[in-house]
Amino acid sequence: MSTSPAPASFETRLLAELRQVVAERAAAGPLSAAAPTPAAPHPSAPSPPAPSPSAPHPAARQAGRGWPGRRLVITGALSATVAAGVAVALTVALPDNGQRPAGPHFAAATTVAAVLNNAALAAQSEPAVTPRPDQFVYLKLFEVLDYSAANRRATAGRGDPPLPSREVESTESWLSVSGTRQGLSVQTGHADNHPARTYRAPEPFCQDGVERAQIAQNTKGGFRGFPCTPQQLAAYKPWLPSTAAGMLAYLAHLFPRKKNTNPVGRAGSMIVYAFGLLTSTDLTPAQQAAMFHALAKIPHLRIVPKLADALGRTGVGIRLRDRRDSYTVIFDPRTFRPLGETFINPAIAHREALVVPATVVDQAGQRP
Amino acid sequence: MTGPADPGGTGRQRPGPLARIGHDPDALEAFYTEHVTAVTRFVARRVADPHTVADLTAEVFLAVIHSAHSYRPGRGTPVAWLYGIARNVISGERRRAANELRAASRIAGRRLLDDDDIARLEERIDTESAGRAACLALAGLPPDERAVLELVAVDGLPVTDAAAALGIRPGTARVRLHRARRSAQQAMGRPAAPDVPQEQMERLI
């Protein structure tokens, strides 16, 4: 590649962070230095270098989301949560659809405010269960990624048949309640008609102020060297605000309004982050209700009376459009618990469903 | 499928100085300084969002750090190796790149980029728009052919470097390049890809 001096600013800061990564690797010794390479190209095994975020606290990972050698196992809203600087975790379990014997009295879901208020009522009606620090939160997601629109565009007018390009993935995650025990993610997926592949990866934990995770069973192993606090990696965060005003201030603090900031983009960042927390962190019922009420104050949201999630479940949506992108959170129209989310633009459609929204279990790998 | 290229034909390959990148910050800095602009441009030819460009640039160098020990001079130049990594990072992003992942990237990038960075990256993204359009125009080609043509025609790599970046033999790369150009020529006769500048399309063939 061409020689060129690194300009100031972002490149300079990135260099400082990368130097730190290298220094930490050197300090960690030969195991780390011998970490598996994800990037060596080979035509018959095009394994992506699959960066996987986990606790985005270190700037290097905020920048790169990357821990090469692992496949990205936490996706969607989880990614947003993770990339934004908060450890992954999960919510209390949702009731089976339509199985609620008796619940709060919901208003007609005809406005954004009504849907979010119903969601807050539903959250508050859940029992507050305090998990033990040694437990894990289990979550299962199902995703469908459809790139066929991009392919149609690429072949438009040529008379070529559209290229099939669809990816289906199912991910189970176990995340430490306290952030101090190693968790696990297992992802099974396939693209088009290719055979399914399964990836297993540890979820990191924080020990002695350093984020750790054995990279994989079948490698020489290694440890991450990023600084952390257990709170960042904790799946249960009782210290987050539990009032609507507090939660809104928290979101506004994370995404400050700046000169030249696109207000719709900022609202989008806030809502993506918020639903990442709601679906991937064991927020208390009060925190969840606070979050829904806070979201009701975010402008630019529209209601979508009826749409389907990745599993074909029909719900009512709250949508934010930013230029060509459209992000929608889907709620169960009877229980008003989140069903999933979609992210669609003219090229790509990504639909994600919460299959098992969240359950506390005793061990990583244990299903509820 | 062919195996990894071994142009030297010796079969014996020793780690080069690049191996130091993984544990020597100064070695990393030298490599980074030499290549960061090219990597950013490579990414900007494929991604149009400044935060994602910043994220992927960081990701490429993280991958470099973690895989530097695997570099073997006999398999190609450092540049070819770097492009191979960059390509894998981006294809990983594409495969995964559903939009909330992009949203996540924007959030992540937001912490790293100030307004000046964004303006500068947007300028770079604009500069590379023809390359992005060309990459899109090639999307209809068979993936193996497209990969070679992208690296050669859009990124300007010599065929041998493109072959090394893709982990294929140079002869294989030339065959694929020939086929890809033929496909691109056929495509040019059709009203496809109207947003690709004619000049860029001509470079492709």
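**Close-up views of a predicted model**

**View 1. The hairpin of strand 9 and strand 10 of chain A.** Strand 9 of chain A and strand 10 of chain A form a hairpin with six residues between them. In the turn, A:Phe336 has a positive phi of about 60 degrees. The model shown in this and the other views is predicted. Strand 10 covers residues 338–344 of chain A, and its pairing with strand 9 of chain A is antiparallel, over six bridges. One of the residue pairs to look for is A:Thr328 with its bridge partner A:Thr342, which lies in strand 10 of chain A.

**View 2. The hairpin of strand 8 and strand 9 of chain A.** Strand 8 (residues 314–322) of chain A also pairs with strand 9 of chain A in the antiparallel sense, here over seven bridges. A:Arg321 has A:Ser326, in strand 9 of chain A, as its bridge partner. This hairpin has two residues between the strands, and A:Arg323 takes a positive phi near 55 degrees.

**View 3. The two faces of strand 9 of chain A.** In a regular strand the side chains alternate between the two faces of the sheet. Strand 9 of chain A spans residues 325–331 and is mostly covered, with seven of its seven residues buried. One side carries A:Asp325, A:Tyr327, A:Val329 and A:Phe331.

**View 4. A:Leu116 and its contacts.** A:Leu116 lies in helix 5 of chain A. Its relative accessibility is 1%, so A:Leu116 counts as buried. Apart from neighbours within four places in sequence, A:Leu116 is in contact with A:Phe292, A:Leu295, A:Ala296 and A:Phe331. A:Leu116 and A:Ala296 are 180 residues apart in sequence, yet their C-alpha atoms are 6.2 Å apart in space.

**View 5. Helix 5 packed against helix 10 in chain A.** Two packed helices are described by the angle between their axes and the distance between the axes. For helix 5 (residues 112–124) of chain A and helix 10 of chain A, the angle is about 175 degrees and the axes are 8 Å apart. Helix 5 of chain A is therefore roughly antiparallel to helix 10 of chain A. Helix 5 of chain A contributes A:Leu116, A:Asn117, A:Ala119, A:Ala120, A:Ala123 and A:Gln124 to the contact. From helix 10 of chain A come A:Pro285, A:Gln288, A:Ala289, A:Phe292, A:His293, A:Leu295 and A:Ala296. By class, this contact of helix 5 of chain A with helix 10 of chain A has nine nonpolar, four polar and no charged residues.

**View 6. Helix 8 crossing helix 10 in chain A.** The axes of helix 8 (residues 244–254) of chain A and helix 10 (residues 285–296) of chain A come within 8 Å and cross at roughly 70 degrees. These two helices of chain A, helix 8 and helix 10, are therefore roughly perpendicular to each other. Helix 8 of chain A passes helix 10 of chain A in a right-handed crossing. On helix 8 of chain A, the contact residues are A:Ala244, A:Met247, A:Leu248 and A:Leu251. On helix 10 of chain A, they are A:Gln287, A:Ala290, A:Met291, A:His293, A:Ala294 and A:Leu295. The contact of helix 8 of chain A with helix 10 of chain A comprises eight nonpolar, two polar and no charged residues.

**View 7. Helix 1 crossing helix 5 in chain B.** Chain B has 10 helices and zero strands. Helix 1 (residues 25–44) of chain B and helix 5 (residues 115–127) of chain B cross at roughly 60 degrees, and their axes come within 9 Å. The crossing of these two helices of chain B, helix 1 and helix 5, is right-handed. B:Thr37, B:Thr40, B:Arg41 and B:Ala44 of helix 1 of chain B meet B:Leu121, B:Arg124 and B:Ile125 of helix 5 of chain B. By class, the contact of helix 1 of chain B with helix 5 of chain B has three nonpolar, two polar and two charged residues.

View 8. Of the 205 residues in chain B, 60% are buried. Helix 7 (residues 143–154) of chain B is mostly covered, with nine of its 12 residues buried. Among them are B:Glu145 and B:Glu150, along with B:Val148, B:Leu149 and B:Leu151. Just after helix 7 of chain B, B:Gly156 takes a positive phi of about 75 degrees.

Key: Residues are numbered from 1 along each chain as its sequence is written. Chains are lettered from A and ligands numbered from 1 in the order in which they are written. This is a predicted model: local features need pLDDT of at least 70, side-chain atom pairs count only at pLDDT 80 or more; totals for chains, interfaces and linings use all residues. Side-chain values use heavy atoms; hydrogens and water are left out. Axes are lines fitted to C-alpha atoms, for helices over the stretch in contact, and angles run from 0 to 180 degrees between N-to-C directions. Helices (H or I, at least four residues) and strands (E, at least two) are DSSP runs, numbered from the N terminus. Angles under 35 degrees count as roughly parallel, over 145 as roughly antiparallel, 65 to 115 as roughly perpendicular and the rest as oblique. A crossing is left-handed if the near helix is turned anticlockwise from the far one by less than a right angle, and right-handed if clockwise. Contact means heavy atoms within 4.5 Å. Ala, Val, Leu, Ile, Met, Phe, Trp, Tyr, Cys and Pro count as nonpolar, Asp, Glu, Lys and Arg as charged, and the others, Gly among them, as polar. Buried means under 20% relative accessible area, exposed over 50%, partly exposed in between (1.4 Å probe, protein chains only). Two strands pair if DSSP finds at least two bridges between them.
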